[in-house]
Every structure is written in C-alpha cells, then in structure tokens.
Amino acid sequence: MKSSGWGSNTALALLCTMSVSVAAQAQTQAYDIAAGDLKTALDSFVARSGVQLIYKLDDVAGRRSHGVKAQLPAEAALAALLGGSGLQLRREAGNAFVIFPVAAPAAAATAATAADDTALATVTVTAQKRPQTLLEVPSAVLSMSGERLRELGVNDFVALSQYTPGLVASNQLVGGRTVQTFTIRGIGNDDFRPNGSPSAAVHFDGVYMGSSALIGGQMFDVARVEVLKGPQGTLYGRNTTAGAINVISRKPGRATEGQASLTVGDYGNVRSEAAVGTPLDEHWSVRLAGVYDRSDGYQTNLGPGAYGGVSAAPAIAKNAAPAADAKSAASAFSAARALIAFKPVDGSSLLLNLHGFHESGGAQLPERTLASGKFAPNAPYTVDSNITPALRKDSHGASLTLDQELPGELLLSLLTGYEHLQQSYRWNDGQPIRYFDIDYADRVDQRLLEARLRNLDGAERGLDWVLGAMLFHDSVDMRSALDSSDYLRTVYATDYRQSRDSQALFGDLSKTIGQYWSVGLGLRYTTERSGFAGSSLDLNPYTTSLNRLAFPKVPVHFDEHFRDGRWSGKGTLSYRATPATMLYASFGQGFKAGGFDGSTITSREEALPFQSETVRAYEGGVKYLPNGPLQVDASLFYYDYRDMQASSVRNIANIPTGVRTNVAKASIVGAELNVVARPMRGLDLVLGVSTLRSSIADVASDDPLERARRLRSKLPNTPAYTASATVRYQRPVGAGTVLVSSLSGRWIDKYYGELDNFQAIGGDFVGDARLELRFGSRWSLAGWVKNLTDSRRYSGVGTVTATTAPLLRAAPRTVGLTTTASF
C-alpha cells in the first residue's frame, strides 16, 4: 500500500523565504489606533506588536487614551498610548512591559506578580488562536502556568488530571511513561496502539500530535498548559470530540535568563531539568532546554516460579525463568528542545523548534486483581511474569512558525511540522506462562502544514475573524511477535501499515453587538482518507500449533481503505453582565475520524474500518473573573454522543480479545465549578468540582447478551463526582527569604474503565504536600510528599472481563527534595 504523503522540505523553504523577504523593511511599525477607551487601545496594540503587557484591570478601567497614528518602535507607540493617562510603563525581561500608576511606582512589582496582595492576576490564553483573557473566551478553559506546574510537580498529563475537573488521564498497559490517554467530560480514547488518535487533540507549540505515542515527550520547560473542554471542531479540527490540550513552551526573550533544578526521591528517582534563553543580537534569540528523569519503579517481578524452565510439550522450547527483580520497571527518560527565534523587523517573526526524546529500560506490567484460572491474584506492586519487560523509544521532530503582518491590519501565520518515533517493547499480561507474550516494533512519521489569516483590528471594529487551511499526513508501521507457546503452542507474527491524509478549510468569527453582547460562529470542513494493509501469520515453529481451534481464519491478509468528509463547528452567544462577569451559551459539533484497529487482527472482519464518531455539545456557563480576591466560573453541559469508538472485548476460544469498532450511542450531562480565592495576603485557595452522568442509549452489537449488558451502562472514565483543592500560603521568614507551603488533593468517585462496567476503580483520595524555602529570586529548596495517605489506587485498565481484571497500579507514597536555581 503506497502512502500519498508530501515532503516537509518545500514547506520549510517557503517559510524561510517569506521571512527573509521582509528583512529589508523598516525597524519601526505603522500604528493607527484611535483615541478612546484605554483597555481597547491596549488590546489593539498587543494584537499588532505581539509584545506582552502586564497590568491590573482596575488600573486601566475608566481611563482614556489619545491613540497613536505614526511609524514608531513598539515601546514608543505604547508610551504614546499611555500619555496623559496617569500610567507609566517599565520594560521587563523578554518582550514584556509592566504598566502601573505614576503615583505608585511600587505597584509595578505588584502588577507583575499579583502575589503580595489579594488581587488575582488576569490570565491570557490562546484557546481561539489569538491572545485573549479567560473572560473573553465563551467556553470552559483551564489554564495552568509553568510556575504552578512546577510547584505541583506536574511532569505529565496523568499528574495534570489531578488538578483538572472533568479530566481523567491514564497510563496505558504498554508504551511506558510517554503513552497516556485522556477522557474529558466522559469522552476519550482507550487505544494503546500508535495508529490510534487521542479524542482530545494535543498540540505542542501549535503542532498537532496525531498519535497517542507522540504526546508524552515534551512536558518540560513549559510556559503554560491550556485544557479546552468540549468539541473544538472549528479551530482545532480532526479528533476533537473531547476537547483540545495546548502545551506552550517558554520562548526566547530579549534578556539572558535561565533555570536549573534537581529532584531526588525514593524508588531511585532522579530528575534534572535546565533551560537558558538569551538574545544573540537585536534580531536573533535562542532558548535551550533539557531534562533527564530516571526511576527504579515500584513494582517487583517475582518470576514465574514453578512455571519457569518447563514447556507444554517436548518439542516446545522451555519457558523463561527470570529471577525475582525489585527493579523490573526501572526506566530512564531524557529530552531536549532548542528554540531559535528570528525577528528581522517589527511585524515579522520566525520560530524554529527542534526537539527529541529517548526512553529506555523496563516497564510496569498489569497486576492480576482477580484469580485467573489456576493463577491467584497478585499482591500489590508485584507480578509473577515469565518475561523481563523492556522498552526503547527514540523520537525527534521540528516545526517552523512564521508570523507576518500584512497591509490592511492582517496577520498571516504559517506552521509546518514533522515528527518521527521509533519504539520497541516486550510485554505480557503479567502471567507466569507464555499466554500471549508480545514483542512490538513500531514506527510513526507525521507531517503537517497549517496556514491562518486573521485581522488585527478587532478591538476597534468589534469583529475578530480567522480563516485557515491545514494538511496532515502520517504513516504508522507496526510489527509484532506473539508468543503463545504454553497456550496455543505456537508463535504469531504480524506486519501492518497504516497511512492517513487529512485536509481542512476553516473559518471563525466573533462580533460584538452593542455594549454587552457578542456572538461567535465557526465552521470547518475536513476530508479524511486512510489505508490499512498487512498480514497476521501463524509461524508454527514447533509444528504443534493449536491455532485452528482459536483463530481458524489465520493466516489473514488484508488491504482496506476509509474515506470521509465532515462538517464541524461551533456557535456562541455571550453577555457581559459587568466588566468582570460574562454569561455564555454555545452549541458545537465535533468529530473523530474513523480508522482501523491496530491490535492483533485474526480475521478480515477485524481489519474493516470503523466509522467516524460525532458529538453534539450544548453548554452554558458563567465567568466572574475580577482582579479582586475571588474568581468563579461554572458550566453546565449536555452531549449527544454517536457512533462511539471503543474497544469491544470478545471472548474468542476463551481468549479475551479487544476489537476496536463503533459500539454505541450515548448521552452525557454534567456540571463543573472552579473557584480561585485570595482571602488574605499570601494565601491562595483553588477548588474544582465536577459531576458527570452518562448512559449508553443504544448498543451496536450482533451479540444480544452484549447488547443487554451494555444498555444503560456508564461510559468508561466517567466518575459521578470529582473534587480537587489546593491551599497555598507564602510568607516572609527573614531578609529576602520566603516560605511557601502547599497542600493539594483530589477525590474521585468510583468509575469503570471499560464499557461492560465489570470492574470499578477509583473511589479514593490522593493528597500531596510541599514545603519550599525561597532565598531571594535566585535559589529555592523544597521538600515534598506525593500520595500522602499511600492510597493503593489504579491508574490503568487492561482487557477486563467478568472473570479477569488486569490493572496498572499507581505510584505509592513517595518523598523527595527539589532544589532550583535561577539567573
């Protein structure tokens, strides 16, 4: 099967050429900002210049600007806008300015940190592909800064879910620490193979990650993470039925600065992270970042005991008998990123992102939580496997982003990216015999090109719009060897290849009507084309195969294709009740493209494509986000979920086999509440609560017993209630020394990890504590405890049936120290 991918070299050359072509333009920029409300003028300035402004809304509210109409450098234009307003500015590190009252210069520090009084900072996000405050976005968005992620010890999406109402993230049974799947408000993805796509579109610095295998390698040196809840079909496109997650790395600035940290903890955990950014001259700047993380793991493989060194028949090789190993899940991870920024003139910028990661070592295996035939359940944090689990992953990628201002108050953004991953791992289901021991070898390559054109004069005109197009291609090669020597007395080999191509056109606009109302409308049309070809063979190396009793259709050869074209979009209506309060309602439709099951194919029917799934979402909410000591946002939503894609477990010859297909129609109703408070100087309180009710309304199955069992079942990963909270207090304890203490935790109700609702997990509380001493702004030392109560919870679900429940257990209580130095 031939793929129809296109090369990335042409796109890279195009971006470079467009950037260099503007290098001869003047170093200043033309500004034409009308006199009027100062906040509106500052919004227009930010849209044109791309610089960051830091100020309190209360300082700006009610003030007027004389406007500016001239060819000026950015700082001079900003000074002109502030002339006569009673405000002044100060340049900060990087491309940022602090604005504060003339009569109170000390307020500059307060505006920059908002940590020394009871005012809460205004948060800026790019949820709608343009800079906006959270109050301006008529949908549910959670944004966490890099500083808060660091304090909470969030290094991956599973840890992020502890502080995000409505988000459940899980480790997969295979794939190591860099393969994680998400469920947002009951909609998610349970596919562990690399040809599957997350239901929440994950973007790193704007680059969409088309495979779950690509998403875990870049969570370091992060400026912020944005979680967009609900279908995001217009601006984020394919595979956004659950929502979207944006990870934005820290960018190079106009001052030399950096940070380094070292963490040591029990279970042999060592994590070191460092980053430095510096300008090279007035046009070029660079930021380098890297991380190394190793752990001995917390699982002991006891070995197969009496089942080691024996075989099912004289002709069959003997089963392996590895010795007990308390570090069977030990692994190491390293990653690096280089960002090179080029700004030839005002209004033109180019950013090159080079990155990669490596992971190697052992891997955690699932525990038997129920007796399986003659095998008893495992004790917590132990398995009795006949294999030594092993994995190796190598990934690298690059992206190039051009932002170019055009005449007519327009901004053209072009983004091209390439990602490559090669991985291999040895895994089994924790059994002491060769039931199905698997050696996987996968390769993933993806390319994308996206172009967007938007206006910059939305603040003056009351109209913001974006037009764009995207091309995406990926190819996935999957090979495996499945050793069933002690059960079916044979070994299987598979060789599959999948290729996908997607094209999309989209547009989005929002219009202010009068003083209080705003409407938004977005539409996107996406075409999808994919192919899946390969074979599954019974190698029968011992001439003793019992394959015909279990999989009579093996060997299997197939070559299947899938095509689809879908509209998606969103409409919003919002009302600004007060300057700090917005009420909104929205309707959206998203879809996740159809595809193919990447697990072991034992018949032609299993290789047939499943169809696209769709979600129609109805949502209403309120946001109260002043600069005062209390901020609240709440939302209610209802989802109509159709053609749900999921793994359907079938018992074939007494072998639980997951087949990915369209399984059901369902409905989801829920509510969320987020509260941020600063009741006194230095004390921060964060509370998040979510409730979900889901029900399968129709089941697609040829098995009447399966239909009856699943009808009105709960969707996977939909706990009825989730609550999380963080209490943080900082106070000075000496000259230049600050003590920061925090407690955080999440309680999650019981939920199911599979459609049949066989095995409930959850129903537990996990709490963390941290105590940090900050010595000035240059150095800190922190002690921390994770999982204070030593909750023995689960973080992943295997192929669960009425009689089997292989589950991955989450980490036990861990303690450690972290020291950080900044310059």
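Entry 1: I began with an open sheet of 3 strands in the order β11-β12-β13, with antiparallel pairing. I took strands as DSSP runs of E of at least two residues, numbered from the N terminus, and called two strands paired if DSSP finds at least two bridges between them. The edge strands are β11 (167–171) and β13 (187–188), each of which pairs on one side only. I counted 5 bridges between β11 and β12 (residues 180–184), in the antiparallel sense. A169 has F182 in β12 as its bridge partner.

**Entry 2: ground rules.** I am working on a predicted model, where local features need pLDDT of at least 70, side-chain atom pairs count only at pLDDT 80 or more, and totals for chains, interfaces and linings use all residues. Residues are numbered from 1 along each chain as its sequence is written, and side-chain values use heavy atoms, with hydrogens and water left out.

Entry 3: I then listed what F157 touches (heavy atoms within 4.5 Å), leaving out residues up to four places away in sequence: A169, Q180, F182, V202, F204, I215, M219, I245 and V247. A169 and F182, the bridge partners from the first entry, are both in that list.

Entry 4: I found β23 (residues 348–361) paired with β26 (residues 390–406) in the antiparallel sense over 14 bridges. G361 is bridged to L391 in β26. On to β27 (residues 410–427): 17 bridges join this strand to β26, again antiparallel. H396 has H420 in β27 as its bridge partner. β26 and β27 form a hairpin with 3 residues between them, and G408 in the turn has a positive phi of about 85°.

**Entry 5: surface patch.** I noted a nonpolar surface patch of L262, V264, V733, L773, F775, W779, L781 and L817, with about 640 Å² of accessible area together. At least two of the patch residues come from each of β18 (257–265), β40 (760–775) and β41 (779–786). L773 lies in β40. Buried or partly exposed, which is L773? L773 is partly exposed, at a relative accessible area of 32%, partly exposed being the range between buried and exposed (over 50%).

How values were computed. Helices (H or I, at least four residues) and strands (E, at least two) are DSSP runs, numbered from the N terminus. Patches are made of residues with over 30% relative accessible area and no salt bridge: like charges are joined within 9 Å, nonpolar side chains (Val, Leu, Ile, Met, Phe, Trp, Tyr) within 5 Å. Accessible areas come from the Shrake-Rupley method with a 1.4 Å probe; for residues, only the protein chains shown count as cover. A salt bridge is a side-chain nitrogen of Lys or Arg within 4 Å of a carboxyl oxygen of Asp or Glu. Buried means under 20% relative accessible area, exposed over 50%, partly exposed in between (1.4 Å probe, protein chains only).
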